[in-house]
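Hello,

Please find the structure below. My notes on helix packing and aromatic pairs follow it.

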Amino acid sequence: MIRLLFDIAYTHIAGRLRQTVVSIVGVMLGVGFSIAMAALMQGSQDDFVTQLIDALPHVSVSDETRQPPRQPALDRFDAVEMFGLKPDDDRRGIRNPTEVLALLKALVPGRIAPALTGQAVARYGGGDVGLAVAGIEPAAEKRVSRIAKDMREGSLDTLAADPNGIVIGDGVARKLGAGLGDQITVSTSRGILKRLKIVGLFHTGVTTQDDGTGYVGLKAAQILFERPNAINQIKIRLDEVGQARAVAARIEREIGYKSLSWEEANQSLLEAFKIRNIIMFTVVGAILLVAGFGIYNIVSTIVHEKARDIAILKSLGFAEADMRHIFLIEGLMIGVLGSAAGWALGFGLTELLGSIRFELKGGLTEVTHLPVARDPLHYLIAAVFALGSAGVAGFLPARKAAKVKPVDIIRGAT
Amino acid sequence: MTAPGPAPDAAAIPLIEARGVTRILSGAVETTLVSDVSLSIGAGEFVAVTGPSGSGKSSLLYLLGLLDLPTAGEVLIRGRPTHAMDEAERAATRLATLGFVFQFHFLLPEFSALGNVMIPMRKLGRLDARAMRERAALLLEQLGLGGHLDKLPEQLSGGQRQRVAMARALANDPPVILADEPTGSLDTRSSAQVRDILARLVAEQGRTVVAVTHDLTFAEAMRRRIHLVDGRIVSDEFSPAAAGPQAGLNQVAQTQAATS
């Protein structure tokens, strides 16, 4: 019986070959381009996130707390209301740094690097540049960040040996007009002045870093900021990046300091990706909706054209449901054929986009490919959208076909 | 497969029965197509429904064939009231019990003669593919189309198409054939063939044939003639073989004269 309905449906769409092919091509283009687009967008997102993860610590522990410390007044009185209370700025940084570092080493599956950061002003000749100074242990820092890879001149390792060395971004150097080997003066808000020698220049590609960051040895920073033995930041690079959120939460529970996973630190960015994905699926949905109109058009033309056949089939003993099924099958046939062709097109386009080579100039010339993500889910989603739209497009005329009154047609035809 | 011909208790229960059937077409102006028609048709009857144009002959046939629903009254098939049936049940009844032949052949243009005849069988699904094919071929051969099994309707003549349509009506071996002007668009020779086939269905196979016709020669060959005027039965008479065919013809002619 089902075979019969398929046979009849097939003769209908085969009888309007050109229109059918146009509809199939419509669905094919919709499915194909949405797959290629999804591959490209997902690919660029994945690429971006990978770079982000690569550049930033997976978890970063600072000396701040999320909640201000509990005030004695709260214990003393039953009802207390406080205004303007905020966590204090503890010059001691993360307390008991040695202990904390030891605890983290035992707790965290990954690498750990301590740092002391602060604000300073760099001066060379007549120029002043605001500088975020980070005191680091070069050996540990290299294992948690990409900074060693971004060195353009000199070396990060020099900082370990030279307490008066500084590594600055190439943007800072340009603004100051200083180069490798020059002596610059760094002063802090507490009036400490220190003459440091530029022993390295880096370029990360992130402007805020290149134009405003300098690295010194951890000891040098502690002297510069008058915070002996203090650290106020611990960067952690995990073996398994997916655990960042869980590890951050666990660290915060254990030591009480604010501990940010990369996801939390970049929440707004990740939310922007979500919105981008919603926009993408809306566009894909719209494309396939348009393809659906093509299907609606042809099935509805067939219903109109085949009114006589519908009438006779009903007089032979076909029920309304059979008529509905025939035309629904026609819509879905076009949807299925279009989806299959669209998968092939999508695959081809994705591979084509993935193979395009282009050159990016960023200090060094690098040759790269468009990032594409090959995900079966994209194929599935596109096909589901296409079939859904084909189903609706077939169903509407099918309902009309089911309502054809054979008597009206037979009377009109004779 | 049902045995051809009447069921054993057919004498007691009429195959088709109409009780006070009225069909009013609603619209800006209400049109009464059929008005208070009661009749019963038993197994093996050969019935002509005649009347002037617009007298409601075809409408009555569609009502008896469950293609249309009466505004009032009811149609019973084998004693079963049909007004309580849902649309799918009525379709199933048409599929197994009734065979339609129209003035226009209404063959599906994309299917061969054999394919067209097989459609009702495939819908019913009682036979396997081979048996369906064999039965369809046999039916077409019996109607003199043995050499045209795989031809498309457009490759057949008008008379041949109508015979394919008749084979299709017989596909599921229905006890009743309802024919609406089956010879209306055929030449004399083809008309004679179609008439002959319908007569044989009654005489040799014991089927019931109800035919709406303008063709007086055709009506005259039938045993029972129902004459409609303005949607009402004005005469319903049997012409036993003893009565001369001319009498029936005169009767029809007179009635027509009276109403025109």
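Start with helix α3 of chain B. Its buried residues are B:Ala113, B:Leu114, B:Gly115, B:Asn116, B:Val117, B:Met118, B:Ile119, B:Pro120, B:Met121, B:Arg122 and B:Lys123. Bear in mind that this is a predicted model. The helix spans residues 113-124 of chain B and is mostly covered, with 11 of its 12 residues buried.

What do these buried residues pack against? In chain A, the partners are α1 (2-15), α13 and α14. In chain B, they are α2 (87-97), α4 (129-142) and α5 (158-169). After α3(B) comes B:Gly125, which has a positive phi, near 70°.

Two of those chain A partners also pack on each other. Helix α13 (residues 307-316) and helix α14 (residues 320-355) of chain A meet at about 140°, and their axes are 10 Å apart. The pair therefore counts as oblique, since only angles over 145 degrees are classed as roughly antiparallel. The crossing of α13(A) and α14(A) is right-handed.

On the α13(A) side, the contact is made by A:Ile310, A:Leu313 and A:Lys314. On the α14(A) side, A:Glu320, A:Met323, A:Ile326 and A:Phe327 take part. By class, this contact has 5 nonpolar residues, 2 charged and no polar ones.

Now the rings. Over all chains, the count is 7 aromatic pairs. One of them is A:Phe48 with A:Phe273. Their ring centres are 5.9 Å apart and their planes stand at 70°, so the pair is edge-to-face. A:Phe48 sits in helix α2 (residues 17-55) of chain A, and A:Phe273 in helix α12 (residues 267-305) of chain A. The pair therefore ties together parts 225 residues apart in sequence.

A:Phe273 is buried, at 9%.

Chain B has an edge-to-face pair too: B:Phe46 and B:Phe218, 6.4 Å centre to centre, with 65° between the planes. B:Phe46 belongs to strand β3 (residues 46-50) of chain B, and B:Phe218 to helix α7 (residues 216-220) of chain B. This pair therefore links parts 172 residues apart in sequence. Both B:Phe46 and B:Phe218 are buried.

Last item: B:Phe100, B:Phe102, B:Phe104 and B:Phe106 form one aromatic cluster.

Best wishes

Notes. Residues numbered from 1 in each chain as written. Chains lettered and ligands numbered in written order. Predicted model: local features only at pLDDT ≥ 70, side-chain atom pairs only at ≥ 80, totals over all residues. Heavy atoms only, no water. Axes fitted to C-alpha atoms, helices over the stretch in contact; angles between N-to-C directions. Helix = DSSP H or I, 4+ residues; strand = E, 2+ residues; numbered from the N terminus. Parallel < 35°, antiparallel > 145°, perpendicular 65-115°, else oblique. Left-handed = near helix turned anticlockwise from the far one by under 90°. Contact = heavy atoms within 4.5 Å. Nonpolar A, V, L, I, M, F, W, Y, C, P; charged D, E, K, R; others polar. Phe/Tyr/Trp six-rings, centres within 6.5 Å; stacked < 30°, edge-to-face > 60°. Buried < 20%, exposed > 50% of the residue type's maximum accessible area, 1.4 Å probe, protein only.
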